[in-house]
Amino acid sequence: MNQSLVTSPAPGFSLAPLLNIFRRVDAMLVGSVALILLIGLCFIASATRDMSGSSLGFVGRQMIFVMLGLGVVIGLQRIHYLQILRHASLLYLVGLLLLCGVFLTPAIKGAHCWYNLYIISLEPSELMKPIIIITLAHYLMYRDSYKHLTGLFVPLVLAMVPLVLIAKEPQLGTAMACMPVVFIMLFAAGARFRHLALMMFFGACGMVGMWFTVLKPFQKARVLAWWDPEQYKLGEAWQLLRAQTAIGSGGFWGKGWGGASASHINLLPEKHTDFIFAVVCEEGGLFLAGLLLVLFFLVALAGLGIAARTREPAGRLIAVGCVAMLCSQVLINTGVAIGLLPTTGLTLPFVSYGGSSIMSSFIALGLLINIGSAQEPVLAKEDFA
């Protein structure tokens, strides 16, 4: 009697778990990010075509950053987010060491913000943003002390220690962008609004005190230039005025890709990083700029949908924190470009050129996908509190 031969799969790496995960990925989230990345690559190429080093070089490096980011997203799917939470303390310690160590490196453009790794410059403040989210989620997930005013002390200290180091680099814009993330996570965890309002009041008083004690002369000049740009039009307000002129000149449909070659964009410093939104507005017009903002809105909507469907408290808080991180960065970057906020040096997620910034955004995306794919089907939503 012939025996049927049964072959067993060879041991080793299997794509099956990853395929199962990506079958449950939110299509709106991934599709919106993909379109944002495509828009970013197109306008980085346009913004850098007349810069030293060909635009192909900038786009090529950005594509390498994107591929590395995709690798990080895939790698995060191999680890359940609850396992990542178990190492939150270690991640927090490593992040603090990186933030402290950067002060031992030579200053670049007058700031201690980067590790020069020759192949790539590592900006620890960008990596610290998702670490703060993970750390706060780990602390808050099974506690209710934050529902009392005194219980807010520990989570605020956990957040403020790295933020003070980031502000000292100085990267005040990055530190300020993280503050809404902290308050939104505390509110989502169930902290009382009146307590958070009181903390925001003291925070506002602290910012007034920072003007006299912490802010450097160039940071004060940025605020004064934003308040009275005409007085500083040949100095600190130069970027702001050029960006506003470029945005206004684009009209509704824009000048077309490459149509801004002889215009204000060429006079705009950091046009491929901090002011990429001005390039999008001038060449793509209000139509494409609006489309880009709609795509970011869809990313936020998908992320909040993941948070709303997640019963596990830590996963819910991480999802809310990642959405808050991306949204605060979008609001500040675009607010600076159109003149609603002082110049901060903050990039636009998935759009601006830069390795550390895009890696931070991809880590947030990877965490959202991880949480969204790990959850069990539910028949009803639960409140955040």
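Predicted model: local features only at pLDDT ≥ 70, side-chain atom pairs only at ≥ 80, totals over all residues.
Q: Why is W253 called exposed?
A: The relative accessible area of W253 is 61%. Exposed means over 50%, buried means under 20%, and partly exposed lies in between (1.4 Å probe, protein chains only). W253 is therefore exposed; its place is in the loop between α11 (238-249) and α12 (276-309).

Q: What makes the nonpolar surface patch that includes W253?
A: F252, W253, L286, F287 and L291 make this patch, of about 560 Å². A patch takes residues with over 30% relative accessible area and no salt bridge; nonpolar side chains (Val, Leu, Ile, Met, Phe, Trp, Tyr) are joined within 5 Å, like charges within 9 Å.

Q: Why is W114 called partly exposed?
A: At a relative accessible area of 24%, W114 falls in the partly exposed class. W114 is found in the loop between α5 (88-101) and β1 (115-116). Leaving aside neighbours within four places in sequence, W114 is in contact with V102, T105, I108, S121, L122 and E123, where contact means heavy atoms within 4.5 Å.

Q: How do you know that the buried residues of α10 line one face of the helix?
A: In helix α10 (residues 217-227), Q219, A221 and A225 are buried. Seen down the axis, these buried residues fall within an arc of 155 degrees, so they line one face. The arc is that of the directions from the helix axis to the C-beta atoms. Their cover includes α8 (172-189) and α11.

Q: Which residues touch the most other members of the largest nonpolar core?
A: L292 and I318 do, in a core of 102 residues. The largest share of this core, 16 residues, comes from α12. Such a core is a set of buried Ala, Val, Leu, Ile, Met, Phe, Trp, Tyr and Cys residues joined through side-chain atoms within 4.5 Å. Not counting residues up to four places away in sequence, L292 touches I36, I39, F277, V280, L348 and V351.

Q: What makes the pair of E126 and K129 a salt bridge?
A: The side chains of E126 and K129 meet at 2.8 Å, N to O. A salt bridge requires a side-chain nitrogen of Lys or Arg within 4 Å of a carboxyl oxygen of Asp or Glu, and the pair therefore qualifies. Both residues lie in helix α6, three residues apart, about one turn of the helix. E126 is buried at 3% relative accessibility, and K129 is buried at 4%.

Q: What do D26 and R309 tie together?
A: D26 forms a salt bridge with R309, the closest N and O atoms being 3.8 Å apart. D26 lies in the loop between α1 (16-23) and α2 (27-47) and R309 in helix α12, so the pair ties together parts that are 283 residues apart in sequence. R309 counts as partly exposed, at 33% relative accessibility.

Q: Why is F350 called buried?
A: The relative accessible area of F350 is 4%, so F350 is buried. F350 also has a positive phi of about 65 degrees although it is not a glycine. Its place is in the loop between α13 (313-337) and α14 (355-374).

Conventions:
Residues numbered from 1 in each chain as written. Heavy atoms only, no water. Areas by Shrake-Rupley, 256 points an atom, 1.4 Å probe, with all protein chains shown as cover. Helix = DSSP H or I, 4+ residues; strand = E, 2+ residues; numbered from the N terminus.
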